[in-house]
Amino acid sequence: MESRAPNPPSPTSSSPPRSPSPHRRHTSSPPRIRRLEASVVNRIAAGEVIQRPSAAVKELVENSLDAASTSVSVSVKDGGLKLLLVSDDGHGIRHEDLPILCERHTTSKLSKYEDLQTIKSMGFRGEALASMTYVGHVTVTTITEGQLHGYRVSYRDGVMEHEPKPCAAVKGTQIMVENLFYNMAARRKTLQNSNDDYPKIVDLISRFAVHHMNVNFSCRKYGSNRADVHTIGGSSRLDTIRTVYGASVARDLMEISVSDDNPTRSIFKMEGFISNSNYVAKKTTMILFINDRLVDCTALKRAVELVYSATLPKASKPFIYMSINLPSDHVDVNIHPTKREVSLLNQDSLIDTIQSAIEAKLMSSNSTRIFQTQVVSSSLPTTQISTRKDKEHSIANSGVQSQKVPVNQMVRTDSRDPFGRLHSYWKDGTQSSKQEKKSDLASMRSVVVARRNWKENTDFTSLDQLVREIDSNVHPGLLDIVKDCTYIGLADEVFAVLQYNTYLYLVNVVNVSKELMYQQVLRRFSKFNAIQLSEPAPLQDLLLMALRDEELETQGDEIETNDDLKEKIAQMNIELLKEKEDMLEDYFGIKMEDGSLIRLPVVLDQYIPDMDRIPEFLLSLANDVDWDDERECFQTVSAVLANFYAMHPPILPNPSGDGIHYYRKNREEVGLEAEMSVDKSDEEKVDEELVAEAETAWSQREWNIQHVLFPSMRLFLKPPKCMATDGTFVQVASLEKLYRVFERC
């Protein structure tokens, strides 16, 4: 990955350097300050308040709760970009208020600034609905108590598109947001390329449902009959957690409460649930409400995780639900554009008190741990068991050595040998104390060795499933071809020609190499050799490069440059990769450290991938991997690695044939050289250095295909059945039929 800058001017140039004119320097004036148009101001503000579809849902749900709703329903289409529909049964909106409903800074929550000190509602700025109208198409249907019919009206850019129209309606308000970010191409493209925002919306509604127990919540994809979140008001908080997060979470929770009424420290009351030492998870789940407002508090989250780090197993994270109530004048709610954060009076003292209470609760509950077990029952009737015992007893008395106990009679729960090779729990017999000590010592040694070499002893069921899928999906005919084929040569940039018996085949090199790399990643899992980079490669620069290339490919010359947004996306991806760097290093040999890429795995011996594709690889690794499910995680990371290591055509065009025109110098680059040598041929007016680099890349790829890919393919590839029909292998000629043609000539 090298970038070439134009050569600096020679210091021995015949013409002296030109200095800027003093007259020009004095006459230049600073740019004028202009007042932005209201539409520009409003769109900028809207992009800050409504950052993504989940932010719009949060604002609408909070409005529903402020309207004293007892039922809130959310429907989402295409991750919220196509449609957001939030319905409630609150008190509705007055008909006379509809004309100014979506104007900026119109609200029913406060009338003067001092009201912020005692604000209890979640909304107060009057910006959310207005912002949505500047980045989407908003339609409001509402009815208030006592009215015979409701009203429906559409808004755009903060104003009504038409007068409110009477319509049939049910109690409350329904707000529909369509085509979100339709006029913000960069934002919409970024959200479409990222993971679907729907899981974030589900998580958001789940958090509201846990806190607001008296409200019915539902969240579903538009048109789906099944709701992904569905709670019934009136249930207990623990029952709600069980409904939303599952029984496995609810059974490992402990109730906790703490308060402080000392004005010199802090005044607050906290109630909630925290996980005990039996709970095991890879990600912290923290649901925090302060004065009934859903917020984040990084300092409090870190303090809680610090307490749990000494209690939970390594790499496990806690589940926390907290509801903190403080005097209204001790909370500043107006510090964040999306009201995601608040500022607390005496925050450090409050956090210390909560941290101490959690620590005391964990210490008092950590005397025992509960493990879920399975009941071991024999598949044989009682009479057969007694008969077997009698036989074993008679054999033992007769001095004949008993047979080895079958595997299905072994219980894999012996702590002395945790990796599954266990003695039979039914086996009787006595041993001397000396033998027992030797046995225990040997068992302990085996445990220590196993723990030191955990990679060699780890048994991942999901990994075995993926490998078995490969073995069970092999096409026998293609396997024979792969094992006994002869490489002929390259037909073009993608296809190679091979011979099997009397047949000629075209083989898609990219598809075959990608499948081979995928299978090799799974078979070399956690046992990779390393490709050490000569210098650490900064992730920030690589991801920004990938984002710019992606934008260039999709939009061509019409690019809306938004470097700040790209930097934010790159930073989000870096944080995700940092969170997963231990797993990536241990299992896949990808080492990242201090925000840089240090090492890559050796997937195929004697083969180094195209390093120009590292930016695309890192962006795909951050966005195309399912990190939540173990099986999907292993499969998607392997697929991303396979795509990176596959033998794609080099990025530089092939200089042979028509490709040479990409390397011709333009008039500005030729310059004086063209004037001095008018009779030079066009072939000489090319970038020789770039052509040489391209020729090296293409010849190296051809060498890799012949000497690395095909020999490895014969040894390791198990071609799947789909390759017989997707154009990867295509028979183009049969020598027997060709002989018949030649005989006629």
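**A covered helix and its wider setting**

Reply: Helix α19, residues 614-623, is mostly covered, with 9 of its 10 residues buried. The buried set consists of Ile 614, Pro 615, Phe 617, Leu 618, Leu 619, Ser 620, Leu 621, Ala 622 and Asn 623. For the chain as a whole, buried residues make up 41% of the 745 residues.

This is a predicted model, and its confidence should be kept in mind. The mean pLDDT of the chain is 77, and 74% of the residues reach 70 or more. Over residues 374-434 the pLDDT is below 50, and this stretch has 37 contacts in the model beyond near neighbours in sequence. Residues 667-683 also have a pLDDT below 50, with 7 contacts beyond near neighbours in sequence. Where pLDDT is low, the predicted coordinates should not be read in detail.

The secondary structure comes to 24 helices and 23 strands. Of the contacts in the chain with a separation of 6 or more, 70% are between residues 24 or more positions apart.

Helix packing can be followed from α3, residues 53-66. Two packed helices are described by the angle between their axes and the distance between the axes. The axes of α3 and α6 (residues 198-211) come within 9 Å and cross at roughly 25 degrees. The two helices are therefore roughly parallel to each other, the cut-off for that term being an angle under 35 degrees. The crossing of α3 past α6 is right-handed. On the α3 side the contact is made by Pro 53, Ser 54, Val 57, Lys 58, Val 61, Glu 62 and Leu 65, and on the α6 side by Lys 200, Ile 201, Leu 204, Ile 205 and Phe 208. By type, the residues of this contact divide into 8 nonpolar, 1 polar and 3 charged. An α-helix has 3.6 residues a turn, so residues three or four places apart point the same way.

α3 also packs against α4, residues 128-135, at an angle of about 140 degrees and with the axes 10 Å apart. That makes α3 oblique to α4. Here the crossing is left-handed. From α3, Ala 56, Glu 59, Leu 60 and Asn 63 meet Ala 128, Leu 129 and Met 132 of α4. The residues of this contact are 5 nonpolar, 1 polar and 1 charged.

Thr 353 is found in helix α10, residues 347-365. The C-alpha atoms of Thr 353 and Ser 259 are 8.3 Å apart in space, although the two residues are 94 apart in sequence. Leaving out residues up to four places away in sequence, Thr 353 touches Val 258, Asp 260 and Phe 268.

Thr 285 belongs to strand β12, residues 285-290. With a relative accessible area of 16%, Thr 285 is buried, because the cut-off for buried is under 20%. Neighbours within four places in sequence aside, the contacts of Thr 285 are with Tyr 245, Pro 318, Phe 319 and Ile 320.

Tyr 487 lies in strand β17, residues 486-490. Its relative accessibility of 13% makes Tyr 487 count as buried. Tyr 487 and Tyr 500 are 13 residues apart along the chain, and their C-alpha atoms are separated by 9.2 Å. Not counting residues up to four places away in sequence, Tyr 487 touches Ala 496, Val 497, Glu 702, Ile 705, Gln 706, Phe 710 and Arg 714.

Two aspartates in loops remain. Asp 292 is in the loop between β12 and β13. Asp 292 has a positive phi of about 65 degrees although it is not a glycine. At 37% relative accessibility, Asp 292 counts as partly exposed. Asp 594 sits in the loop between β21 (591-593) and β22 (596-602). The phi of Asp 594 is positive too, at about 55 degrees, and Asp 594 is not a glycine. With 73% relative accessibility, Asp 594 counts as exposed.

Technical notes. Residues numbered from 1 in each chain as written. Predicted model: local features only at pLDDT ≥ 70, side-chain atom pairs only at ≥ 80, totals over all residues. Heavy atoms only, no water. Axes fitted to C-alpha atoms, helices over the stretch in contact; angles between N-to-C directions. Helix = DSSP H or I, 4+ residues; strand = E, 2+ residues; numbered from the N terminus. Parallel < 35°, antiparallel > 145°, perpendicular 65-115°, else oblique. Left-handed = near helix turned anticlockwise from the far one by under 90°. Contact = heavy atoms within 4.5 Å. Nonpolar A, V, L, I, M, F, W, Y, C, P; charged D, E, K, R; others polar. pLDDT = per-residue confidence, 0-100. Buried < 20%, exposed > 50% of the residue type's maximum accessible area, 1.4 Å probe, protein only.
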